[in-house]
Amino acid sequence: MSVNINIDHTVKKYGDLTIIPDLSANIKNGEFFTLLGPSGCGKTTLLRMIAGFNSIEGGTISFDDQVINDIPAQKRNIGMVFQSYAIFPHLTVRQNVEYGLKLRKIPKAEMKQRVDEILQVVRIEEYQDRLPDRLSGGQQQRVALARAIVIHPQVLLMDEPLSNLDAKLRIEMRSAIRDVQKQVGITTVYVTHDQEEALAISDRIAVMKLGVIQQIGSPQDIYARPYNAFVSTFIGHSNLFYATVQKTGSQTCLAFRNGYTLEMNNLVDSVINGQQVVVSVRPEEFSLNDNGMECEIINRTFLGKYTNYFLRFGDGVVLDDQPSIEYSQDLGHVDSIFDIGAKIRLRPNPNKINVFSEDMEQSLIRDVKRYD
Amino acid sequence: MTKKLKWDFWTIITVFIIGLFLLFLIYPLLSLFLSGFKDSGTDAWTLENYTKFFSRKYYTEALMNSFKLTACVTVVAVLLGVPLAYFMSFYKIKGKGVLEILFIISMMSPNFIGAYSWILLLGRSGTVTQFLKGMGIETPSIYGFGGMLLVFALKLYPFIYMYVSGALKKIDVALSEAAESLGCSGLRKVFTVIMPLVTPTLVAAALLVFMNCMADFGTPALIGEGYRVMPTLVYYEFVGESGGSANFAACMATIMVMVTAVIFLLQKWYINTKSFTMSSMRPIQPKKIGGIKGLLIHLYIYLLAGLSIIPQCMVIYTSFRATHLQVFTDGYSLESYQKVFSTAIQSIKNTYLYCLVAIAIIVILGMFIAYLAVRRKSWLTNLIDTIAMFPYIVPGSVLGITLLIAFNHQPMMLAGTSIILIITLVIRRMAYTLRSSSGILYQISPSMEEAAISLGDSHPKAFFKVTAKMMLPGVASGAILSWITLINELSSSVMLYTAKTRTMSVAIYNEVIRASYGTAAALATILTVTTVVSLLIFFKVSGSKDVTM
């Protein structure tokens, strides 16, 4: 039923404007695959190319071995959930769900059974005879999901389906979507700009920027081992430091510009002594240590589980143009919090931090894969 | 103390408006209704009029004719207008901007001018008829059912077009894509998704066409000839020299109002059960179209636009033709205009004077009523709002008779005065201004006025200084529509005019009846130019090319 999707050197152009220059990816059968990126990165464009609403100017997209470039949307057997839900307002919930089945000339009895079943899966049986006007956003979302899944599509495509819901409902719906997807076991391509949503819901994530996939990997890998600085700063927060590689014998260290050195044992072998690098440290990868780097607390935000401190290091230690340099202090194990103006010493965890080439385009950590 | 006075301002307005409605709408309609149950000789109560109407084929046939004509016109208008709206919204059409203006102009010009110019083209001595006769070809007669169908359908399909395009604009393109993603495309998509979404709007537009056609007097009077319909029947019965009876006319008028009321209520009921709201994040983008399909679509649109604008062009052309003793001769001259300015100048003055007074009253009343209905909701103001919609279901000629019957005796002897004409105009055409006024009022936050009051303004002051000023742009767009329909009003004016109070449209009607086509064309040109100029002002004021009536 479900298929794998092979995107092979695909190009998207609007006139002279190239949105996607050359994109390849393989989405596995039954997988929940998320396209994540800032607005304008081409994620929705790519989704609509898979759906058949956007033309493909180069390369191919195939479902299993069948190239679908020239198959019109209505023949691709896809299920699509739209950002605006696109529930037909003139039809009741049940009629909306039946719509695709009627086109497929499914026998009455089977249709009833399938509709009943899916209404139950998405938990909207009680509203089935209502017009969509009278439904809340979350309920409309469930109708859209049911309508897309009930036709047993080869792939399920979702275009920012949660962006119109409030925060609480969003969290509730994302686990509902995840549950339904696993229950049905259908290859799903999901578009979002919300990195938290992507981390929570996906089997694999493709992080996109300017029409290029920056990295594909599991949520854990994307977060812990970003392939470049864009991924590390786009997903979660990362503090970027200048540093130089110091190789002496078998020992490899990072020398920060304030003179602090940190021994590393997971850098790639190709790094050379004196190489300029950028070090990416997440706020939770710092720990208080008397031998740490000195910094000053310039502000703080109390967030319950932890406190976020905003830091200042010496001149030229960190990259300019960063919105903030942060340290998260887990409040489960400390008694007091620091005051603004306090000087503290922090040590980055060498097993956790990431190191990028000087142009920030490539990870220098061993075994980090760009496309996994 | 002052607080009580402030509260009183709007109460006084409410009472005043209810008084106006009672006097000029409820009382006349009641008189009409009662008058239909009276014997014209003895004034005694009787059912005679109704038994007479329903027992004689002469009358029932007219009712059936009206139905037949109106139903056919509505169907043809829908068949012309819906594809047009679909093509204009879904495909890139060359010259779209100009086409849109042409459709609106043909929609806003009065029905009877359309009828008149089709006579000029296809009538007995029409240009096309004569030309084809010269080549030995006989054309079918324009007079009667066929001609009326042609005139009405070409005149009224733009209503369908305007309404349906408006609804198509509200459809989110995702709905269309959702249908495609579920495996549906082409005509099937149009009929299972697109059409059902615009159906409530289409029904409203079809009703408008139906009412307009049912109530129109000018077209059947000019081009109907032997084909009797209700409005002409009522007119001839009422003003007829051959022993007509006002009571019998009242009876027929009541029947007409009943018919339109029932249809109006049916439509309301349908809309209420079927209504849903649509909000479009991404409206449908017109697609490029080429090949044979594109060619045919363009051909269809241009042909339709051409046919709709022919009447206007024909009228203007005719007005510059030379005439001798009312007969057109070769060559061109300004003779017709000279004649108009020497003989019919009074009608032009009348038109502008009456319509200016009427529009002033309409704007003031419209704003007050809208304010009451939107901001001072109560059963009383609701009632006012409902009564204000009455004129929708009262055909123009019927309204004329209604007021004549009611104000034909002391102490309210208004028959024959300009006052009665102005009152009729106000009642007939207030709805547009009222609707646009409440529309804009819903968009203005009440806290604006509350702020003014909190700073020390009285209620009336706050209304005039703040709310009224903010309402003006919205009110203006509706007022211009009211204005355009005012200057073109014929159905009611033709019942009420005297030699002194003749308006332009009545003068045109008279001239056409007298076969004085040159002066009629000159007057019609003046009217058309005024209409077009007003429309252009409307586009400027409202900043859009959508006319919703």
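Residues are numbered from 1 along each chain as its sequence is written, and chains are lettered from A and ligands numbered from 1 in the order in which they are written. Because the model is predicted, local features need a pLDDT of at least 70 and side-chain atom pairs count only at pLDDT 80 or more, while totals for chains, interfaces and linings use all residues; side-chain values use heavy atoms, with hydrogens and water left out.

Chain B contains 23 helices and four strands. Here helices (H or I, at least four residues) and strands (E, at least two) are DSSP runs, numbered from the N terminus. The radius of gyration of chain B is 25 Å, close to the 24 Å that the globule rule gives for 549 residues, so chain B is as compact as a globular protein of that length. The radius is taken over C-alpha atoms, and the globule rule is 2.2 Å times the number of residues to the power 0.38. Along its principal axes, the C-alpha trace of chain B spans about 85 × 75 × 50 Å.

Of the 549 residues in chain B, 57% are buried. A residue is called buried under 20% relative accessible area, exposed over 50%, and partly exposed in between (1.4 Å probe, protein chains only). Among the contacts in chain B with a separation of 6 or more, 80% join residues 24 or more positions apart; contact means heavy atoms within 4.5 Å. The chain exposes about 23,800 Å², and carbon and sulfur atoms supply 68% of this area. Such areas come from the Shrake-Rupley method with a 1.4 Å probe, and for residues only the protein chains shown count as cover.

S66(B) lies in helix α3 (residues 57-90) of chain B and counts as buried because its relative accessibility is 3%. S66(B) touches M214(B), V229(B), M230(B) and P231(B), leaving aside residues up to four places away in sequence. Helix α22 (residues 504-513) of chain B has nine of its ten residues buried, so this helix is largely enclosed by the rest of the structure. Its buried residues include M504(B), Y509(B) and E511(B). Just after α22(B), A515(B) takes a positive phi of about 60°.

The surface of chain B also deserves attention. L30(B), F33(B), L34(B), W45(B) and M258(B) form a nonpolar patch there, with about 510 Å² of accessible area together. Patches are made of residues with over 30% relative accessible area and no salt bridge; like charges are joined within 9 Å, and nonpolar side chains (Val, Leu, Ile, Met, Phe, Trp, Tyr) within 5 Å. Helix α1 (residues 2-35) of chain B supplies the largest share of the patch, three residues. W45(B) instead lies in the loop between α1 and α2 (48-55) of chain B, and W45(B) is exposed because its relative accessible area is 59%.

Chain A is assigned domain 1 (5-224) and domain 2 (237-357), with bounds from an automatic or database domain assignment. Taken over C-alpha atoms, the centres of these two domains of chain A are separated by 39 Å. L145(A) lies in helix α4 (residues 137-149) of chain A and is buried, with a relative accessible area of 2%. Not counting residues up to four places away in sequence, L145(A) touches V81(A), V122(A), L156(A), M158(A), I177(A) and V180(A).

The remaining topic is salt bridges, in which a side-chain nitrogen of Lys or Arg is within 4 Å of a carboxyl oxygen of Asp or Glu. By this rule the count over all chains comes to 25. The side chains of E98(A) and R94(A) form one of them (3.5 Å, N to O). Because E98(A) and R94(A) are four residues apart in helix α2 (residues 93-103) of chain A, about one helical turn separates them. An α-helix has 3.6 residues a turn, so residues three or four places apart point the same way. E98(A) is buried at 13% relative accessible area, and R94(A) is buried at 13%. R94(A) and E98(A) also belong to a network of salt bridges with K102(A), K112(A) and D116(A).

Another salt bridge joins the side chains of D203(A) and K182(A) (2.9 Å, N to O). This pair links distant parts of the chain, 21 residues apart: D203(A) lies in the loop between α6 (195-201) and β9 (204-209) of chain A, and K182(A) in helix α5 (residues 167-184) of chain A. D203(A) is partly exposed, with a relative accessible area of 25%, and K182(A) is partly exposed at 38% relative accessibility.
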